[in-house]
Amino acid sequence: PTRDLLQAYGIEDRLLKPLPIGTSVASFYPDSDARTILRRSWGASDQDIVLIYTGKHNRNKKPHLVYEAALSIEFPNNGKVLMVTVGPVDQQYFVDECEVPLGRLSEKGVIVIRVPTVPAEELRKYYSAADIAVFPAESTLSSLDAMACGLPVVMQDDAINRHRLEVGGRVFEAGSVTHLADCLKELIADREVRQEMGLRSISDMKERFCYQSIEVIISQCDRR
């Protein structure tokens with residue numbers, strides 16, 4: 001239908017310009033002070049690994065996949081691993097899908113930190129304090145915010161997520177706990193890879209996905 005309308009109004013394909021959804025690099029950026037303060041409050045040193053998931057705990061977002069994947073990983077012995085979640089919880093879903101794997105993670109020595117919903121302007125601090133962000137289902141704008149803060153991001157494989165994570169993350173086969181675990185293992189094991197991805201993420205958000213860059217695209221369209 002869209003193509004038919006374009007043809008009906010005589011709009012040529014060469015005039016079409018993709019307009020991405022973006023993030024605000026003025027609001028989301030690496031915050032070293034927040035990293036130090038939050039990690040200290042969590043008992044995490046700079047050598048420890050902090051995984052973060054932000055968003056709803058429900059059946060659509062499927063954060064239980066992260067917990068199940070983490071259970072299959074043999075974590076390094078030279079530091080602690082923390083699992084931080086931020087956001088509202090569907091209690092029935094949590095009881096059905098999350099309570100058991102989170103309990104087993106705690107038994108395994110992983111420190112589980114659950115944070116309720118925080119104001120949007122506070123999320124920068126949590127991303128900055130983490131080392132890897134995971135969004136196991138759907139496509140979420142939170143991935144762009146996390147990358148703007150310098151995090152490598154892991155998401156399910158689809159066209160949108162592949163486009164967003166071209167330089168700053170990994171995609172895994174949708175619903176595959178095994179493939180998700182493999183992606184996490186790679187990033188957990190290699191601090192240098194995480195840091196390189198994080199730096200590329202920041203640059204990519206500024207170049208392709210920040211609101212200022214999108215404004216330039218719009219203004220170029222106006223001039224035509």
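Q: What do buried and exposed mean here?
A: Buried means under 20% relative accessible area, and exposed means over 50%. The model is a predicted one.

Q: Which residues of helix 2 are exposed on the face turned away from its buried side?
A: That face carries Ser32, Asp33, Ile37, Arg40 and Ser41.

Q: And which residues of helix 2 are buried?
A: In helix 2, spanning residues 32-42, the buried residues are Ala34, Arg35, Leu38, Arg39 and Trp42.

Q: Why are the buried residues said to line one face of the helix?
A: Viewed down the axis of helix 2, its buried residues fall within an arc of 115°, so they line one face.

Q: What covers them?
A: The cover over the buried residues of helix 2 includes strand 1 (49-54), strand 2 (81-86), strand 3 (111-115) and helix 5 (120-129).

Q: What is found at the start of helix 2?
A: There, a side-chain oxygen of Asp31 comes to within 3.3 Å of the backbone nitrogen of Asp33.

Q: And just after helix 2?
A: Gly43 follows, with a positive phi of about 75°.

Q: Changing topic, at what angle do helix 8 and helix 9 cross?
A: The axes of helix 8 (residues 177-189) and helix 9 (residues 191-209) cross at roughly 100° and come within 5 Å. The two helices are therefore roughly perpendicular to each other.

Q: Which residues make the contact?
A: Helix 8 contributes Glu186, Leu187, Ile188 and Ala189, while helix 9 contributes Arg191, Val193, Arg194 and Met197.

Q: How many of these are nonpolar, polar or charged?
A: The contact of helix 8 with helix 9 has 5 nonpolar and 3 charged residues, with no polar ones.

Terms used: Residues numbered from 1 in each chain as written. Predicted model: local features only at pLDDT ≥ 70, side-chain atom pairs only at ≥ 80, totals over all residues. Heavy atoms only, no water. Axes fitted to C-alpha atoms, helices over the stretch in contact; angles between N-to-C directions. Helix = DSSP H or I, 4+ residues; strand = E, 2+ residues; numbered from the N terminus. Parallel < 35°, antiparallel > 145°, perpendicular 65-115°, else oblique. Contact = heavy atoms within 4.5 Å. Nonpolar A, V, L, I, M, F, W, Y, C, P; charged D, E, K, R; others polar. Buried < 20%, exposed > 50% of the residue type's maximum accessible area, 1.4 Å probe, protein only. Arc of directions from axis to C-beta. Polar contact = N/O pair within 3.5 Å; in protein donor to acceptor, adjacent residues only side chain to side chain.
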